Structures are given as structure tokens and as C-alpha cells.
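Student: I'd like to learn how to read a model like this one. Can we go through it feature by feature?

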Amino acid sequence: MYGDPLVHPQPETYWGNVNPVGLRGVYDEAKRFAEAMTMAYRRYHGTETRIARIFNTYGPRMRLHDGRAIPAFLTQALRGEDVTVFGTGSQTRSICYVDDLIDGIYRLLLSDEVDPVNIGNDGEITMLELAREIIALTGSKSKIVHKPLPEDDPRVRRPDTTRARTLLHWEAKVDRIEGLRKTVDYFKGQI
């Protein structure tokens, strides 16, 4: 939704910085379109709706090859392959364990809030740090290799979760290393 943001962290009032015709355009614009359609449907039909702006989420049952960083890092590390980090790895993400995400969405559904609410962990980590953590947690001997950064890849990503804390009395609680350990255990059983 936020594209490659010029505002950091990203509050719900920020409209984003999206290249609609770039490589990620379909992904970013689909989220924006879904929000627009949800609000139009709500206004026209008077239907109850909620909009959760979900940030990077991880945990057991992720697909091994879904294209996201954590499954890619885990699969490569557990197979003893080189772990691919795009660019210098200085780009950041905020990763939220699935249990926290579900709790946030549930609280949002029970609320009366109709405007978008960021649901995600406001802790931030670079992709290089995340790759190193995953290699260590898996006990892998994998080496990190760098490949060119894809076009329009966001440089930073961190939700401003003030509204979630204030309106929903919610915040992410699962420690990243604890969540990654559970995810590693699941991936070990799949590989």
C-alpha cells in the first residue's frame, strides 16, 4: 500500500509513494484498489467493513517458495545453499509473527473502526541482519550472496502502530527470535 515510502514510519494517514507501472505496481495498486473498493462498498451499501493494513507476517505454514524473504532465507539456509540478499541488504522490514497478526485482526473486527489500521510489528530489521539471524538459528553453514535490488523495492518498511495501540489496545508481543525459532521448526519438517 505504501510503496517505497517517503514517510517513516508509515502512519495510516500517509498515502504512499507507488510507481503504478513498475514491477511491483500490481502488488501495491491491488492493495490500494481493495481499500478504495471497500470504502466505496461501505458508503454505497451501508455495510460494516474493516480495513487492516497488514505488514510483513511470518510463521509456521508459510509456503516454501512464496517469494518472500523469510521463506527464501529459511529454505536456502536449511538446504545449505547460499542465502540471497538483494542489494546491500540495508533495506528494512518489520516482521510480525502470525499469532500477533491474528489477534490484531480479531480486535479490529470487533471494533467500530472503519478507517484503515496498521497491523504489524513496529520493530525494524535490515534484510542482511535477518538473513544472518536465520542462518544462525538454522545452524547453517550457508554464505550470504548479494544480487541486484529489484526495481521499486522499498528501502524502508515500518508501521506506525499508534492507532492499533490506541483504538484496539493491541501491539505485537511475540519476540522475533522466538517467532523465527517456531518458523524454523516448521520449515525443518517441510524440507
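Predicted model: local features only at pLDDT ≥ 70, side-chain atom pairs only at ≥ 80, totals over all residues.

Student: How many helices and strands are in the chain?

Tutor: Helices (H or I, at least four residues) and strands (E, at least two) are DSSP runs, numbered from the N terminus. Here the chain has six helices and eight strands. Their order from the N terminus is α-β-β-α-β-β-β-α-β-β-α-β-α-α.

Student: Why does the radius of gyration agree with a compact globule?

Tutor: The radius is taken over C-alpha atoms, and the globule rule is 2.2 Å times the number of residues to the power 0.38. For 191 residues a compact globule would come out near 16 Å, and the chain has 17 Å, so the two agree. Its C-alpha atoms fill a box of roughly 55 × 35 × 25 Å along the principal axes.

Student: And how do I read pockets?

Tutor: Rolling a probe the size of a water molecule over the atoms shows where empty space is left. On a 1 Å grid over the protein atoms alone, a pocket is an open set of points where a 1.4 Å probe fits, with protein on both sides within 12 Å along at least five of seven lines; lining residues have an atom within 4 Å of a point. The largest pocket holds about 1000 Å³, a volume being the space filled by probe spheres set on the points, which are joined across faces, edges and corners. It is lined by 38 residues, with Arg 24, Tyr 27, Asn 56, Arg 68 and Arg 93 closest to its centre.

Student: Which element gives the most to that lining?

Tutor: That's α2, with six residues.

Student: Is Thr 84 buried or exposed?

Tutor: Buried means under 20% relative accessible area, exposed over 50%, partly exposed in between (1.4 Å probe, protein chains only). Thr 84, in strand β3, counts as buried because its relative accessibility is 13%. Beyond neighbours within four places in sequence, Thr 84 is in contact (heavy atoms within 4.5 Å) with Phe 73, Gln 76, Val 145 and Lys 147.

Student: What about Glu 178?

Tutor: Glu 178 is in helix α6 (residues 176–190), and at 38% relative accessibility it counts as partly exposed.

Technical notes: Residues numbered from 1 in each chain as written. Heavy atoms only, no water.
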